[in-house]
Amino acid sequence: MKTSIKNIFTIILFLTFSISFAQNVEGIVTNSENQPLAAANVVIKGTTNNTITDENGKFSIDTKGKLPLTLLVQYVGYKTSEIFVSEITSTAVNVILAEENQLVEVVVSSRRRIEKVQDVPIAVSVITGKQAEQAGAFNVNRIKELVPSVQLYSSNPRNTGINIRSLGSPFGLTNDGIDPGVGFYVDGVYYARPAATTLDFIDVEQIEVLRGPQGSLFGKNTTSGAFNITTRKPSFTSGADFEVSYGNYAFLQAKASITGALSQKIAGRISFSGTQRDGLVDNIVTGRATNTLNNQGIRGQLLYTPTENTNIIFAADITTQRPDGYAQVVAGVAPTQRAAYRQFDAIIADLNYQLPSRNAFDRKIDQDTPWRSGQDMGGVSLNIDTKIGTGTLTSTTAWRFWNWDPSNDRDFTGLQVLAKSQNPTRQTQITQEVRYAGQLSSKLSGVVGVFFIDQTSQTDGTEESGSAQWRFSQSTTSDLWKTPGLFEGYGIKTDARIRASSAAVFGQLDWAITESLHVLPGLRYNYDKKDADYSRTTYGGLQTTDPALIALKKLVYTDQAFSSNTDDTDFSGNLTVSYKATDKINAYATFAKSYKPVGVNVAGLPTLAGQPILELAVIKPEEVNHYEIGVKTSPFKNSILNLTAFNTDIRDFQTNVQAAELGVNRGYLANADKVRVRGFELDASFVVNPHLTINGAATYTDAKYVKFTNAPLPLEETGAAVSFKDVSGTDLPGASKWAGSLGGELSDKAKFFGNAGKIFLGIDSYARSEFSSSPSASKYLVVDGYAIFNARLGFRATDGLSVQFWGRNLFNKDYYEQLLPAGGNSGQYAGVLGDQRTYGITLKYAL
């Protein structure tokens, strides 16, 4: 990390550009009521050259022969204003400062145009880059603490699922054969695999979280929502930000961003982020703590403005992650319906083994297979925006890759049951989107576009048994199971490949029937094609010709191979009616017919008479009918109060099944007949007075299987006489009835090392009720509800030095983020632990 930081400081030498003029810039500073502000500080950004306004609010500052430049206008109790000056004119610069604690009119680009978020007839939450930094939300996992409609589950980066309103990705192990239901976009580039979203944010300007289907606005169809992330763009005015954070568990995070002009028409920005932290779980065998952080990322951008109507941005980024981590801790043991000798406690007693602790929150493991979660991800993109007529034509071309290098101990013990469990994956994607958005007539505006993605994914996996495998797999009382070396080194080599292509035409109109009443129809046509090949070959173990011993080995692993080729087309669309009753009340109602494309299994399938059940190789597409009504209000000055109610019905819901067969212990995909999710959401933000702001959000979600008759057995019913269970009427996994966030900040004007700014105290909280952590509800795999509290105290300035002391999970709450059964369903299950209390300090310096 130190080398990367050193290189970034070197790059600053190339990010300066100026034109010489020896004249003064003159102007006047007033408040929003046109009253002059005396003694306001006016600074040329990036220099120490400054002046103050006189009693009439007037100022004059020497440019020292440098143009263009940016003026920073500061006044205690008001927001700092940045004024770009490209040339000297005879007209005075008029600067109007807004009070610091006025509610910001947030603008979004979700509908491919810049508009106020309160005017958009979509349920959307907006987190600015500054808000994310202040809350310590440096990745998507922490965004869920700010937007409670978001759920993220990750037992490791590959097995990451992002859900909105409890929909999006199947709960459990990830299968590359299906598409996520939540879109993830960074500067218009679609990230196809959920694992690629686990990167640390780099120089983020704003995060928009859209809820509900978005197929007529975005290139890739999404059934439950989208993350629309924008990063800070290159600027022709030189500037830089440097930030470093220190905390307990040797937490160290460094960030830097530098921007400036390279010529009259080219500007650049380069940004860096690095995060390191010691482990939070002790491995008593190695004597080292595991579950560390070790992430580095860098992003560079070049902005070219050939004309005043055209912007071209070339961007490149790469992230590397090398944590020793994502180890799970045994959280408990469930009795199954297998014979007594097949219960977990009986098995480990026969092997003279004891768990290091029966309390997961002792945070102790003795796992003998290293946990490795290395991944590299990155790509390049070219974005062209050009104004044509009354609209903008946008082209976004991108290539991205994701490389995954894991090692897991999926029996979660110090026994050699699964000696190896690793499935390295290489994924690449090419995307192209072209769209036009603008005003078509006095009453008609809209967006129309085409989108294409082609991606390939290849997994070359290894799963291998150890010396204790025989006892965990033993299904009869025959002494043949004890044959020395029968299963030791016995495993499978897996070759799984998939190529998925998708093309779409989409569009949405906004018809202003009156100034207040708008009708917004949207349509989408999609074509999807997927080709998959899966094969696994057994190897190792005792080499024997004894048919009885060979039969025992085949109870653990068998050779399996199959191919699946499928394609599908779909028409979908939505209709929204929006009515703005007053400037402070905007109501809307939406119906959307959406879908999630056809899927294919690229992991092992269950067997019948020793052969894979091939009809399970292709998964039917989801068909979604979504209804939503909402109202966005500003009940009084500096306030927002929004309420949304929704109902989503899904037929052929794509879900994950954890098979009892050890040979397919990575799970496979299947369709549930029908699912229904309904609920409501509340978003609120209030500026109580110039010193106090309060914000909160709450969501109620009722998510159920309406009909799912062939669901997998829950953990405690493993070994029952039947293979499937009717779970109709039970809750969807990962769905809490209630979730919410509440926070506030108390601030006052202050000076720190001569800089005007704010001293502040902020408190944030996040809570959710219990939820099922199993595709079929198990009383043992229920994550209890929990609440966590975070706080920050410090001084914040627009320029110069800012300092913040912070603490997360202040009351050291023990909680699980996920529970999952061990491979083979012997009864033990593990937990993904929430972080214990952490604290530290962040220093930031802005130029």
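This is a predicted model: local features need pLDDT of at least 70, side-chain atom pairs count only at pLDDT 80 or more; totals for chains, interfaces and linings use all residues.
**View 1. The largest cavity holds about 820 Å³ of space.** The cavity is lined by 41 residues. Closest to its centre are Asn 141, Leu 293, Tyr 326, Glu 817 and Asp 835. The lining divides into 15 nonpolar, 17 polar and nine charged residues. Among the elements that each supply at least two lining residues are helix H3 (140–143) and strand S22 (293–307).

**View 2. Phe 184 and Phe 227 form a tilted aromatic pair.** Their ring centres lie 5.9 Å apart, with 40° between the planes. Phe 184 belongs to strand S13 and Phe 227 to strand S16, 43 residues apart. Phe 184 is buried at 2% relative accessibility. Phe 227 is buried too, at 1%.

**View 3. Tyr 490 and Tyr 557 form another tilted pair.** The centres are 5.9 Å apart, and the planes make an angle of 55°. Tyr 490 lies in the loop between helix H5 and strand S31, and Tyr 557 in the loop between helix H6 and strand S33, so the pair ties together parts 67 residues apart in sequence. Tyr 490 is buried, at 4% relative accessible area. Tyr 557 is buried as well, at 0%.

**View 4. Ring pairs link four residues into a cluster.** The members are Tyr 185, Tyr 190, Phe 218 and Phe 451.

**View 5. Arginines sit over aromatic rings.** The charged end of Arg 165 is 4.1 Å from the ring centre of Phe 646. Arg 796 lies over the face of Phe 760, 4.3 Å from the ring centre.

Terms used. Residues are numbered from 1 along each chain as its sequence is written. Side-chain values use heavy atoms; hydrogens and water are left out. On a 1 Å grid over the protein atoms alone, a cavity is a set of points where a 1.4 Å probe fits but cannot get out, and a pocket is an open set with protein on both sides within 12 Å along at least five of seven lines; lining residues have an atom within 4 Å of a point. Grid points are joined across faces, edges and corners, and a volume is the space filled by probe spheres set on the points. Helices (H or I, at least four residues) and strands (E, at least two) are DSSP runs, numbered from the N terminus. Ala, Val, Leu, Ile, Met, Phe, Trp, Tyr, Cys and Pro count as nonpolar, Asp, Glu, Lys and Arg as charged, and the others, Gly among them, as polar. Rings of Phe, Tyr and Trp (its six-membered ring) pair if their centres lie within 6.5 Å; planes under 30 degrees apart count as stacked, over 60 as edge-to-face and the rest as tilted. Buried means under 20% relative accessible area, exposed over 50%, partly exposed in between (1.4 Å probe, protein chains only). A charge sits over a ring if NZ of Lys or CZ of Arg is within 6 Å of the ring centre and within 35 degrees of the ring normal.
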